[in-house]
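Open the model in your viewer and keep the selection panel at hand.

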Amino acid sequence: MTRLYKVIGRVQGVGFRNFTWRTAMALGIRGYVKNLYDGSVEVLAQPSDESRIHEFENRLRRGPSFARVDELRLVNEDMECEYSDFCIK
């Protein structure tokens with residue numbers, strides 16, 4: 001299971017990528033997080049099991065303390081790719 005998200009709101013310059021990396025590492029999720037030119041953040045997530053993806057999504061919706069997440073949009077589901085860890089791009 002691979003999911004691609006777009007996180008919209010005040011999510012750049014507030015530690016959102018580092019927060020996402022720490023969250024992914026704690027939940028055993030592989031993939032990446034990166035800033036997009038439009039001010040949003042892209043997150044690709046490959047969980048070890050489906051129950052962890054729900055917790056990951058809940059944490060992304062909250063974000064770090066200085067962030068404001070207006071929308072967590074699922075852009076694509078079940079993409080064909082494989083990651084061995086989680087990285088910040």
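Which residues does Phe16 touch, not counting residues up to four places away in sequence? Select Phe16 and show its contacts, meaning heavy atoms within 4.5 Å.

A note on the source. This is a predicted model: local features need pLDDT of at least 70, side-chain atom pairs count only at pLDDT 80 or more, and totals for chains, interfaces and linings use all residues. Residues are numbered from 1 along each chain as its sequence is written, and side-chain values use heavy atoms, with hydrogens and water left out.

Next, select Val7, Phe16, Val43 and Phe56. These have the most contacts inside the largest nonpolar core, which has 19 residues. Such a core is a set of buried Ala, Val, Leu, Ile, Met, Phe, Trp, Tyr and Cys residues joined through side-chain atoms within 4.5 Å. Buried means under 20% relative accessible area (1.4 Å probe, protein chains only). Now color β1 (3-10), α1 (16-27), β3 (41-46), α2 (50-62) and β4 (68-77): each gives two or more residues to this core.

Switch to cartoon. Trace the pattern β-α-β-β-α-β-β along the sequence. Helices (H or I, at least four residues) and strands (E, at least two) are DSSP runs, numbered from the N terminus.

Finally, select everything. Buried residues make up 39% of the 89 residues. Among contacts with a separation of 6 or more, 76% join residues 24 or more positions apart. The C-alpha atoms fill a box of roughly 30 × 25 × 20 Å, taken along the principal axes.

Conventions. Buried means under 20% relative accessible area, exposed over 50%, partly exposed in between (1.4 Å probe, protein chains only).
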